[in-house]
Amino acid sequence: MAGSARVGVLALQGDVREHLAVLTALGADARPVRRPQELAAVEGLVLPGGESSVIDKLARAFGMQQPIREAIAAGMPMYGTCAGLILLADRIDGAIEGQQTFGGLDARVARNVFGSQTASFETDLDVPTLGDPPVHAVFIRAPAVTEWGPDAEPLASLPDGRVVAIEQGALLGTAFHPESTGETRFHARFLDRVRNRRGADVVAS
Ligand SMILES: NC(=O)CC[C@H](N)C(=O)O
């Protein structure tokens with residue numbers, strides 16, 4: 001099917017512009033998404049880094065929680081970085097009172113697990129599915145995945161064993177921020193999912 005992938009970045013709070021820039025550089029038709037009708041017009045959604053409790057609250061205030069949950073249930077590809085990974089998780093540790101997630105990723109994600117001393121750090125991360133070179137990963141008050149279900153597949157871990165990239169079906173999450181280091185391979189993987197799903201729909205119809 002012709003045309004570039006039409007994808008959105010949830011634009012309620014967080015590093016929206018960085019994601020739009022990477023997606024656009026990869027040839028996608030990328031736009032900010034704040035409203036249900038904007039979500040309905042895209043084929044995939046990025047949930048940016050930022051503050052997951054704020055994004056959660058705004059998503060509910062803007063009437064976006066339910067439409068995003070429905071899109072996830074319908075198989076729309078989504079990619080969450082950091083706060084976005086937290087928002088995709090079915091279970092979270094260290095939530096502020098009343099904090100909710102969109103869910104869909106059968107995993108437990110712990111917020112702010114690296115503590116205040118080492119709240120931010122960078123490292124080169126081996127991600128076997130992406131091959132060489134390693135990913136230069138920037139962690140900013142980052143979460144980590146502490147448990148995951150049988151359908152979820154860890155893609156990368158730190159030397160201490162903490163899982164920091166994970167995938168389950170159409171959902172991809174990283175605890176770090178490829179959008180801020182010029183790393184494009186995770187976004188490219190997300191866009192592949194979008195195009196493959198489009199192909200499947202075309203074959204099915
Ligand atoms: N860089 C980030 O996205 C930080 C995530 C933030 N600590 C949260 O819990 O939402």
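I began with Arg141, where a backbone N or O atom lies 2.9 Å from a nitrogen atom of the ligand; this is a predicted model, and I read the distance as a computed value.

I then looked up Ile140, and found a polar backbone atom of Ile140 at 3.0 Å from a nitrogen atom of the ligand. As for cover, the ligand taken alone exposes 300 Å², of which the protein buries 98%.

Next I listed the residues around the ligand, which are Gly49, Gly50, Glu51, Ser52, Cys82, Ala83, Ile86, Arg111, Asn112, Ile140, Arg141 and His177. Sorting this shell by class, I have four nonpolar, five polar and three charged residues. I also checked where the ligand sits, and the site is the largest pocket.

The volume I noted for the largest cavity is about 40 Å³, and its lining consists of Met78, Glu167, Gly169, Ala170, Leu171, Leu172, Arg189, Phe190 and Arg193. By class, I divided that lining into five nonpolar residues, one polar residue and three charged residues.

Which elements each supply at least two residues of the lining of the largest cavity? I found strand E12 (171–174) and helix H6 (185–204), and the largest share, three residues, comes from H6.

Key. Residues numbered from 1 in each chain as written. Predicted model: local features only at pLDDT ≥ 70, side-chain atom pairs only at ≥ 80, totals over all residues. Heavy atoms only, no water. Near = heavy atom within 4 Å. Polar contact = N/O pair within 3.5 Å; in protein donor to acceptor, adjacent residues only side chain to side chain. Areas by Shrake-Rupley, 256 points an atom, 1.4 Å probe, with all protein chains shown as cover. 1 Å grid on protein atoms, 1.4 Å probe; cavity = no way out; pocket = protein on both sides within 12 Å on 5 of 7 lines; lining within 4 Å. Sits in = over half its atoms within 2 Å of the grid points. Nonpolar A, V, L, I, M, F, W, Y, C, P; charged D, E, K, R; others polar. Points joined across faces, edges and corners; volume = space filled by probe spheres on them. Helix = DSSP H or I, 4+ residues; strand = E, 2+ residues; numbered from the N terminus.
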